[in-house]
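Trainee: Please take a close look at one part of this model. Then go on to the other local details, one by one.

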Amino acid sequence: MPVDRSLHIIPNDSPVCQLDAEDAFKTLSEKERKYAHYVAKASFDGALAVFLQVSPESAPIFYVLYRLFKAETVEQLKEKALAVGFSEDEWQALLIYAAAFYSNSGNYKGFGDSKIVPAVDQKKIRALIEKSAAGSDEKVLKTWESVEKLIGSLEDKELQLGFGDKGVTCYHSSNITKADAEKIDRFFKARNVESWNSRLFKEVGADGKTTYTIKLASSDEGVVAEAVEFEGDVVQIVKGDYAPVMKRTHEWLDKAVPFAANKNQEEMLKKYIEHFKNGDINAHKDGSRYWIKDAGPAVESYIGFIENYRDPAGTRSEFEGFVAAVNKETSKKFLTLVSRAEEILKRLPWGPDYEKDTFLKPDFTALDVIAFGSSGIPAGINIPNYDDIRQNEGFKNVSLGNVISAQPKQKMNFLDEHDEELMFKFHKDSFEVQVGLHELLGHGSGKLFQKNVDGSFNFDNTKVKDVLTGEPIATWYEPGETWSSKFGPLASAYEECRAEAVGYVLCCDSDILEIFGYTGELAQDVKYVNWLSEIRAGLMALEFYQADQKKWGQAHCYARYVLTKVVLEAGKEFVKIEETKGEDGKADLHFKLDRNLIDSVGRPAVVEFLRKLQAYKSTGDFEGGKKLFESYGAVGETELHWRDVCIARRKPRRLFVQPNTVEKSGEVSLVTYPSDASGVIKSFVERYDSAAIEDLHACWKNDQKWF
């Protein structure tokens, strides 16, 4: 089947939204600004590792684009581009490609995992590079030559992220298969070790013997554990992955230490520094423990290898770092929600045995992001992701206010005029409610039944019953098993679905809406728009379904689609998706949700599904959870037709332009950029010095033998 190239091109009219942090930055003292500046620099420099995690060509593309736009202004380059045959549209296409590439930390979408290619022939790009000031450097030309064929190529195995036999990834060498990854997961489990900050490489010797090398991210280099035999093969653990990048990261954090607001922040930073130096995940866990204790700081941050959405095996994590200023007024709502959380948790459909023994009240703040280094910027976060800390010590929630509010004004597909008007009016309000419930009471709820090393359990296995069968608990997490290792690639979508469902269910309660300041008819509108927005999002998620492989490529999309199928199954015309013709005469859809049936039809259906999700998660019943989830995640002929319409009428996703913090004469200021592709490019060029980019280039050269 021929590839639809348009699916891999970022449209020229893609909206660029300002991540507005100016007012938040003004509230900070000079000491707080310096702390924010150094952590921001650590976050952005550390995020260079993401380009090394995504695809073999991402780091060299970054290098060439950086050198190109560093040497000359956009205006100077445009003049040369037109001179070598670019049209105005092609020039804009190159700018959009560069902006999207930077924003996604590579040439695969951070949201969707499919390849991004420029809408310009690479021969024209080569001509521009040769004519540019950067093109006089032989290193730039040679780097370009190494990726020239890949930048626009859409071969079957290049279309999306995945194991090397079906896709692209740099979490593993290209010869690693799913079976290899599962074997090394067993190795980790046997040694009670976690793989968050690792990559996996395989070599087969002349004697046919296979050696697996697990490489930990750190500035120190060397052997962590001598080679051992495991299931007939050799496994060794070394450190020093992304070494120059990790060195830059912990050096910036070291500069932040004198400006820490308290002892918890200071100890947290020291543990992070230790982690980035030696690759020990336990040091990062200890840093996270200090982070949890640092309640209500004026400047919030987190940094490390955090989310495992994009590893095909579902266990290794992408680097992420952010720094943000607390919005004290909005935070009051979330803190009220936290204060009532124990009572609200009782409303969830699984009972006290399936809830943590003690609810560890987390810090929950509304933040305005100053810097976010990763492949995308979420609207809310519930961290840390370490099961043992979340269950026994606590976690934090953050809602990223300036991300939620940065919404472009675009026509909303498939809605009638009245619903579209309500969405424009209440989307920000409803999304703030959904994020709060999703993060605190979604990700923050539920217990994992675990068997301890000494043979004891963290639940009463003589009394606790399976909520689905009424029988004694028959499955649990063995020592060394985690949620991610047990549920693997399904874990992210499954957990996002569970958290989303909690938001759908609890936003129906008037007392919860009142916490956010909504009562009466206003509360009903916010509740309706939340359901309308989220269930419609499940329909539009079909754009991200990989029909040729019958596979979902984005966790949040998969999660929302599953919930849309749940409420469609509920019937009674609660949700209707009708095929129509648009004003342009082409195929269209009309999406309608009956607001009068939310409580009587929609909510009960989601409650029952949520109960099942929690039951399988708590008991570690992967087979049961997989069967349930995939039955709703299936895409049939009707949905494939809807997918065609969703793709034909898709709207370009927003890109963010972030500010930079700059230190000059002992003072830190915030530099902002225009809300266009040129602004995104300039922000990245000014964010990094040449030495950082040379470090990235050196890491890429060191990696080449594996891919």
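Mentor: Start with a helix pair. Helices α11 and α12 are roughly antiparallel to each other (angles under 35 degrees count as roughly parallel, over 145 as roughly antiparallel, 65 to 115 as roughly perpendicular, the rest as oblique). This is a predicted model: local features need pLDDT of at least 70, side-chain atom pairs count only at pLDDT 80 or more, and totals for chains, interfaces and linings use all residues. Numbering starts from 1 along each chain as its sequence is written, and side-chain values use heavy atoms, without hydrogens or water.

Now the geometry. Helix α11 covers residues 263–278 and helix α12 covers residues 281–293. Their axes come within 8 Å and cross at roughly 165 degrees. Axes here are lines fitted to C-alpha atoms, for helices over the stretch in contact, with angles from 0 to 180 degrees between N-to-C directions. Helices (H or I, at least four residues) and strands (E, at least two) are DSSP runs, numbered from the N terminus. The crossing of α11 and α12 is left-handed, that is, the near helix is turned anticlockwise from the far one by less than a right angle; clockwise would be right-handed.

Next, the contact itself (heavy atoms within 4.5 Å). From α11 come Asn264, Glu267, Met268, Lys271, Tyr272, Glu274 and His275. They meet Ile281, Ala283, His284, Asp286, Gly287, Ser288, Tyr290, Trp291 and Lys293 of α12. By class, the contact has six nonpolar, five polar and five charged residues. Ala, Val, Leu, Ile, Met, Phe, Trp, Tyr, Cys and Pro count as nonpolar; Asp, Glu, Lys and Arg as charged; the others, Gly among them, as polar.

Move on to Lys617, in helix α23 (residues 598–618). Lys617 is buried, with 10% relative accessibility (buried means under 20% relative accessible area, exposed over 50%, partly exposed in between, with a 1.4 Å probe and protein chains only). Its contacts, leaving out residues up to four places away in sequence, are Leu448, Tyr477, Trp483, Phe487, Tyr494, Glu495 and Arg498.

Ala698 belongs to helix α27 (residues 690–703). Ala698 is partly exposed, at 41% relative accessibility. Pro60 lies 638 residues away from Ala698 along the chain, yet their C-alpha atoms are separated by 9.9 Å.

Then the cysteines. The whole structure has zero disulfides (a disulfide is a pair of cysteine sulfur atoms within 2.5 Å). For Cys170, the nearest cysteine sulfur belongs to Cys699, 12 Å away. Cys170 is buried, with 2% relative accessible area. Cys497 is in no disulfide either; Cys557 has the nearest cysteine sulfur, 12 Å away. Cys497 is buried too, at 0% relative accessibility.

Last, the backbone. Ile383 and Pro384 are joined by a cis peptide bond, with omega about 5 degrees. Pro384 sits in the loop between β9 (380–383) and α15 (387–392).

Two residues other than glycine have positive phi. Ser105 has phi near 55 degrees. Its loop runs between α6 (88–103) and α7 (122–131). Ser105 is buried, at 4% relative accessibility. Lys572 also has phi near 55 degrees. It is found in the loop between α22 (555–569) and β13 (575–581). Lys572 is exposed, at 67% relative accessibility.
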